[in-house]
Amino acid sequence: MLRALEEIAQRVYKAVNDLPEEFDKSKTLYMGADGTPTSAIDKTAEDAVLYALDELNLEVNILSEEAGFIDRGYAQTLVVDPVDGTHNASLGLPFYTVSLAVGEKSLRDIQYAVVKNLVTGDTYCAEKGAGAQFNGQKITVKKFDTKFPSLLCYVGHYVHQDTLDKVRKCAPIRSLGCASIEMCLVASGNFDAYYYNTEQYSKNIRVVDIAASALILREAGGEIVDLDNNILDMPFDLETRCSFIAYDDEKVKEILL
């Protein structure tokens with residue numbers, strides 16, 4: 001299954017990078033199943049996923065940001081964000097991915113995961129119980145340095161004031177606009193935590209955004225909790241949303257909470 005996900009991710013990478021220079025990646029085509037606009041690059045990526053599934057004959061249902069839930073009668077579901085970081089893609093920023101994860105019902109029973117940077121081709125992957133890798137090399141979270149905490153966080157239009165208060169106490173701070181890559185950067189030891197907190201429930205994260213990166217982080221030795229300090233679990237649907245902390249060390253979690 002993991003090899004199949006890597007193949008699908010590679011096909012998405014090729015489809016996106018074969019687009020002509022004049023292609024308008026940000027053009028809105030219609031409203032997706034999650035209630036947000038589907039852009040031309042989103043549609044290109046999702047089509048590549050769906051075509052690959054048919055060709056590879058994978059026995060999975062599909063939950064995608066754009067198409068919603070497609071029940072194909074199987075026990076497992078492929079949770080897809082065809083392009084995580086669509087706005088980055090439209091701006092020419094090299095931080096957007098395809099995110100693919102396979103599980104049964106929720107975030108905590110995901111078995112396989114792949115996150116591929118659609119600009120660089122860099123690939124993170126994990127299999128439950130077998131660890132996490134970056135471009136074929138094992139990765140682990142880093143040891144927390146209390147004197148120099150490094151934080152990734154959401155600082156968009158709906159950012160919570162609590163986030164801004166924390167930003168003043170950490171260095172360096174980065175906000176990349178792509179949750180899947182940001183969580184993988186915690187998994188690979190580049191940052192201590194990714195903090196996502198908004199003032200509006202509807203602007204919180206969905207399972208399609210972090211299904212793959214959640215397993216990658218956990219297999220690298222990190223963890224994810226909601227802001228009530230519960231181990232994060234989310235059902236496979238597009239309605240549930242959550243703020244959370246993804247971290248490398250319990251001390252980081254305690255400080256942020």
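Where is Asn57 found? Asn57 lies in the loop that runs between α2 (40-56) and β3 (61-64). Helices (H or I, at least four residues) and strands (E, at least two) are DSSP runs, numbered from the N terminus. The model is a predicted one, in which local features need pLDDT of at least 70 and side-chain atom pairs count only at pLDDT 80 or more, while totals for chains, interfaces and linings use all residues. Residues are numbered from 1 along each chain as its sequence is written, and side-chain values use heavy atoms, with hydrogens and water left out.

Most residues other than glycine have a negative phi. Asn57 is not a glycine, yet its phi is positive, at about 55°. Asn57 is also exposed, with a relative accessible area of 59%; exposed means over 50%, buried under 20%, and partly exposed in between (1.4 Å probe, protein chains only).

Asn229 is another residue other than glycine with a positive phi, in this case near 70°. Its place is the loop between β14 (223-226) and β15 (244-247). Asn229 counts as partly exposed, at 38% relative accessibility.

Is Ile210 buried or exposed? Ile210 is buried, and its relative accessible area is 0%. This residue belongs to helix α6 (residues 207-219). Leaving aside residues up to four places away in sequence, Ile210 touches Leu107, Ala179, Met183, Ile205, Leu232, Met234 and Phe244, where contact means heavy atoms within 4.5 Å. From Ile210 to Glu239 there are 29 residues in sequence and 14 Å in space, C-alpha to C-alpha.
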